[in-house]
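Trainee: Could you take me through the helices of this model, one question at a time?

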Amino acid sequence: MLSVGQALVAIFVSSAIIYATRILPFVVFSSGNPPKIVRFVEKYSPALIMAVLVVYCFKDVHFETAGSVVPFAAGVVSTAVLQLTLKNTMVSIFSSTALYMILSRLM
């Protein structure tokens, strides 16, 4: 158990670290144009993160049984269709998650 003083020190140190990590990019890149590597990462990281998430989501799918594949496939397809048509990330994610949860419980 922490004493009140130790807890306050921990909160202060955590706050200072979070503040420093939030302000660091603004200090480092305040001169104007960011380096080429930062622009490259900024351009391609969203697609890379999505690809990693798709692979991670499908790592436990057993493709031998339809009851396991259908909810995953429906979730992925509905996410893609909703995102391409509505272009609203929150609607795509929440709707597809709800569809997946319903199908996974029914199958």
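Predicted model: local features only at pLDDT ≥ 70, side-chain atom pairs only at ≥ 80, totals over all residues.

Trainee: By about what angle does helix 2 bend?

Mentor: Helix 2 spans residues 36-57 and, with 22 residues, reaches 32 Å between its first and last C-alpha, close to the 32 Å expected. Its bend lies at Y44, with the proline P46 following within four residues, and the angle there is about 45°.

Trainee: How are helix 3 and helix 4 oriented to each other, roughly parallel or roughly antiparallel?

Mentor: Helix 3 (residues 66-86) and helix 4 (residues 89-106) pack with their axes 8 Å apart, at an angle of about 160°. Angles over 145 degrees count as roughly antiparallel, and therefore the two helices are roughly antiparallel.

Trainee: How many residues of the contact between helix 3 and helix 4 are charged?

Mentor: Helix 3 passes helix 4 in a right-handed crossing. The residues that meet include P71, F72 and L82 in helix 3 and V91, L99 and Y100 in helix 4. The residues of this contact divide into 9 nonpolar and 9 polar, and the number that are charged is none.

Notes: Residues numbered from 1 in each chain as written. Heavy atoms only, no water. Axes fitted to C-alpha atoms, helices over the stretch in contact; angles between N-to-C directions. Parallel < 35°, antiparallel > 145°, perpendicular 65-115°, else oblique. Left-handed = near helix turned anticlockwise from the far one by under 90°. Contact = heavy atoms within 4.5 Å. Nonpolar A, V, L, I, M, F, W, Y, C, P; charged D, E, K, R; others polar. Expected span 1.5 Å × (residues − 1). Bend = angle between axes of the 7 residues up to and from the residue.
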